[in-house]
Amino acid sequence: MSTTDTLFAGSIPEVYDRAMVPLIFEPYARDLAERVAKLEPQSVLEVAAGTGVVTRALAAKLPAPTRIIATDLNQPMLDHARTRMADDPRITWQQADAQALPFENAWFDAVVCQFGAMFFPDRVAAYGQARRVMRPGGHFVFNVWSAIEENEFAEEVTRALGTLFPADPPRFLARTPHGYHNADAIRADVHAAGFHDVSIEALGAVSAAPSPYEAAAAYCQGTLLRAEIEARGGSLEEATRHVANAMGKRFGEGPVSGRIRALVVTAA
């Protein structure tokens with residue numbers, strides 16, 4: 001993983017929340033919130049909260065007394081998330097590194113993480129931190145993307161950018177968001193962190209956008225692909241239109257949809 005693969009700043013948080021969240025993240029956020037709600041926790045820690053899509057889903061599902069602390073490594077992402085839920089007294093927003101959580105042992109009934117584990121340099125350490133801050137009987141619930149070949153929009157975006165920059169193809173999506181998808185490896189990491197009861201479930205969904213351009217813009221301008229495009233001297237708008245053209249050929253003009261797939265992990 002490149003050192004730039006965790007730098008969500010500048011205009012990325014706003015575009016990410018406006019474009020990427022409804023494109024691929026919302027159905028999985030609802031799924032995680034439903035799983036956590038069934039556990040009936042009194043306190044929840046969210047790590048890698050990003051712009052707060054899971055935080056919002058948790059707040060909608062959990063009863064009023066439940067305390068939620070939402071953390072992320074990137075303060076700009078949390079700043080944007082806070083603007084969406086500034087008036088909810090149940091939620092505390094706090095910058096934190098998942099590999100060194102600033103909480104005492106056994107504070108939380110549940111720890112949840114949506115599509116963040118792929119970005120952790122030391123996943124076993126991060127999982128160990130989740131276990132440390134959980135009370136006995138607590139649960140750690142997280143998800144990761146499956147292989148890029150099983151996520152059609154991400155696959156097409158990566159292929160199209162490879163034709164635009166053949167000498168140095170931008171590989172952020174394949175390298176990081178879709179780079180941690182082997183269930184056996186994930187299970188081994190979670191076990192190494194001290195969890196004994198681990199289940200992994202594949203969960204498919206459909207990603208939809210009003211047009212190929214809007215899907216392309218979400219990926220090219222609302223993710224760290226933006227930095228890779230700009231680092232290669234490319235025009236962000238030209239790259240977006242190039243990807244949109246490729247997506248239009250594959251998925252059609254007008255409203256487009258494609259398969260997405262993730263793995264949901266529950267550990268106790």
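**Group meeting: charges, fold and core of a predicted chain**

Okay, charges to start: the chain carries 25 positive and 32 negative side chains, and the centres of the two sets lie 2 Å apart. Lys and Arg count as positive, Asp and Glu as negative, with His and the chain ends not counted; each charge is placed at NZ of Lys, CZ of Arg, CG of Asp or CD of Glu.

Quick caveats. This is a predicted model, where local features need pLDDT of at least 70 and side-chain atom pairs count only at pLDDT 80 or more, while totals for chains, interfaces and linings use all residues. Residues are numbered from 1 along each chain as its sequence is written, and side-chain values use heavy atoms, leaving out hydrogens and water.

Now the fold. We've got 10 helices and 7 strands, taken as DSSP runs (H or I, at least four residues, for helices; E, at least two, for strands) and numbered from the N terminus. Along the principal axes, the C-alpha trace spans about 50 × 40 × 30 Å.

On to packing. Of the 268 residues, 54% are buried, meaning under 20% relative accessible area with a 1.4 Å probe, protein chains only. So what sits in the middle? The largest nonpolar core has 95 residues, and Phe140, Phe142 and Tyr219 have the most contacts inside it. Helix H1, residues 12-38, gives the most to this core, with 14 residues. A nonpolar core here is a set of buried Ala, Val, Leu, Ile, Met, Phe, Trp, Tyr and Cys residues joined through side-chain atoms within 4.5 Å.

Have a look at Phe140: leaving aside residues up to four places away in sequence, its partners include Val111, Tyr127, Phe195 and Val265, with contact meaning heavy atoms within 4.5 Å.

Definitions and conventions: Buried means under 20% relative accessible area, exposed over 50%, partly exposed in between (1.4 Å probe, protein chains only).
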